[in-house]
Amino acid sequence: MTTACPCCGGIETEAAGAWSRCRGCGHRWRLPGEAATVSYQRLIARNDTTSPDFRRKLRDRLDTLEPLLPAVSTTCRVLEVGCAEGHLGEALKALCPMVYDGIEISRDAEAAATHLDTVYRQPAAEVQAPAYDWLLAFHVLEHIADPAAELSEWQRLLASGGRMVLEVPHESGHPLLASDEHPEHLHQFTLPSLLCLLQRAGFAAEAISGGHYESAVYPDNIRVTAHRRESAESRQDRLVARFNEKMGNRPFLVYGVGGDFRNYVLPVLDRLPVLELLDSSAEKWGTHCAGRVIGQYNPTRHRNAPILACSIRFQASILESLRKQGVPDDRIVTLEEIYGY
Ligand SMILES: [Zn+2]
């Protein structure tokens, strides 16, 4: 029977030993019944936390997470899916105060509970909690039969502006092994398959890196930082809010009706309190754009309203022109200020 690829949805698949392989994204997967059935509830002490190997793994993860810490505050909420004994959370909480919860199905949950705030010993689908700002999941997804369903639960637990950091073995996880036969593992991700899965699950990847260390037999792992993909409507709402904030919540004039106006203002023009469109070029005066007549700056009629200097490329000449016409700088807002990050 042919089943669609769980990552890209492609139906061109082939058998590769005990695995199915997608010809599109290269993903390999098998059903739980095709691997040894693992009872996670009974497992314990899955890490030798005193070994140099464990410390190397922890260091590798902290190298990615530590630079993110200044952005968090005491109200920051973190959920680590598959938190094992809770040592990553313990290390992060020592660096920055935060609420750090974990999900751990195995008996390691008992050890984790001594380091973390709340440890859920149940699947993510059964966890009910206020939204988290960060969701971390190191070496979880390759264990789960339906990774898309799992990711949708993670979406549910993540705040709208929240971020996720996840890591999985890159293919076999080792450059000398052609396949990963670990009985707990149901997926062998490729870079395209992981990115396809995230895209289809509603996440946008913002950083991706390879070669991360998990253990001697899994030294090659992919790590991705991603956030929930924002809808076009939500982005537009935030852009309109940005315009209103920067223009002092007042009706304003647009000065400069060219390519940047069409690209960066016209898409939301109907939602902005634009009084008039103005341009320094006499050739444009009296012509129409977006159903409005383009006019000339009038120092008397336009003396109070804030002005959007509406060109990135010609910003300097627009500012010079406005200053010559007696417009003080505190009435001028540039397109750079609207869009600048
Ligand atoms: Zn695929």
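1. Start with Glu 171. Its relative accessibility is 33%, so Glu 171 counts as partly exposed. The model is predicted.

2. Glu 171 sits in the loop that links β8 to β9 (187–188). Its backbone deserves a look. Phi of Glu 171 is near 55°. That value is positive, and the residue is not a glycine.

3. Now turn to Asn 249. This residue lies in the loop between α6 (232–246) and β12 (252–255).

4. Is Asn 249 buried or exposed? Its relative accessibility is 63%. The cut-off for exposed is over 50%, so Asn 249 counts as exposed.

5. The largest nonpolar core holds 33 residues. Six of them have the most contacts inside it: Leu 141, Leu 151, Trp 154, Met 164, Leu 166 and Leu 194.

6. Which elements supply at least two residues each to this core? The strands are β4 (77–81), β7 (132–138), β8 (158–169) and β11 (221–228). The helices are α4 (147–157) and α5 (191–200). The largest share, four residues, comes from β8.

7. Leaving aside residues up to four places away in sequence, Leu 194 touches Leu 141, Leu 166, Val 168, Phe 189, Ile 222 and Val 224.

Conventions: Residues are numbered from 1 along each chain as its sequence is written. This is a predicted model: local features need pLDDT of at least 70, side-chain atom pairs count only at pLDDT 80 or more; totals for chains, interfaces and linings use all residues. Side-chain values use heavy atoms; hydrogens and water are left out. A nonpolar core is a set of buried Ala, Val, Leu, Ile, Met, Phe, Trp, Tyr and Cys residues joined through side-chain atoms within 4.5 Å. Buried means under 20% relative accessible area, exposed over 50%, partly exposed in between (1.4 Å probe, protein chains only). Contact means heavy atoms within 4.5 Å.
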